[in-house]
Amino acid sequence: MRKDERAVSPVIGVILMVAITVILAAVIATFVFGLGSKAPKSQMPPSLKIDRINDTHVRVLVAGVPEEFTNLRAKYDNTTVGINASDVGDYDIIQIPKGTYLTVLCDIQGETVIAFEGVI
């Protein structure tokens with residue numbers, strides 16, 4: 001090999017070093033300023049226990065409350081019924097025919113959240 005032969009020209013070497021520095025700075029800035037961790041917080045609905053009392057009535061029991069909620073309600077067959085229960089241990093008995101598809105909704109921080117969905 002002769003002395004004047006080089007593997008990479010000095011111009012290309014400088015361009016590569018500048019590019020690596022810019023990419024590294026962008027990655028560090030993302031972590032420092034937290035730009036990658038701004039995911040929206042998902043709303044946690046209350047934990048409910050739903051028991052059928054007879055062929056026409058169910059009991060909706062609030063078993064756990066991870067976040068404050070309002071306006072607990074049951075929707076079935078184009079009908080919406082308010083559920084009067086807002087804290088752990090509270091329950092309400094509502095009239096729902098056996099075999100009905102039930103959706104229980106509540107509002108958390110202005111958003112409607114599904115707390116239960118299924119045939120009861």
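Author: A residue is called buried when its relative accessible area is under 20%, exposed when it is over 50%, and partly exposed in between, with a 1.4 Å probe and protein chains only. The model is a predicted one, in which local features need pLDDT of at least 70 and side-chain atom pairs count only at pLDDT 80 or more, whereas totals for chains, interfaces and linings use all residues. Residues are numbered from 1 along each chain as its sequence is written, and side-chain values use heavy atoms, with hydrogens and water left out.

The sheet comes first. Strands (E, at least two residues) and helices (H or I, at least four) are DSSP runs numbered from the N terminus, and two strands pair if DSSP finds at least two bridges between them. Four strands make up an open sheet with antiparallel pairing, in the order 4-3-6-7. Its edges are strand 4 (79-82) and strand 7 (111-119), each of which pairs on one side only. From one strand to the next the twist averages 25°, where axes are lines fitted to C-alpha atoms, for helices over the stretch in contact, and angles run from 0 to 180 degrees between N-to-C directions. Strand 3 (residues 70-76) runs antiparallel to strand 4 and is joined to it by four bridges. Opposite threonine 80 in strand 4 stands lysine 75.

The charged pairs follow. A salt bridge requires a side-chain nitrogen of Lys or Arg within 4 Å of a carboxyl oxygen of Asp or Glu; the structure holds three.

Another salt bridge joins aspartate 55 to lysine 98 at 3.9 Å, N to O. Aspartate 55 lies in the loop between strand 1 (47-52) and strand 2 (57-64), and lysine 98 in the loop between strand 5 (91-95) and strand 6 (101-108), so the pair ties together parts 43 residues apart in sequence. Both aspartate 55 and lysine 98 are exposed.

In a further salt bridge, aspartate 51 meets arginine 59 at 3.0 Å, N to O. Aspartate 51 is partly exposed, at 22% relative accessibility, as is arginine 59, at 32%.
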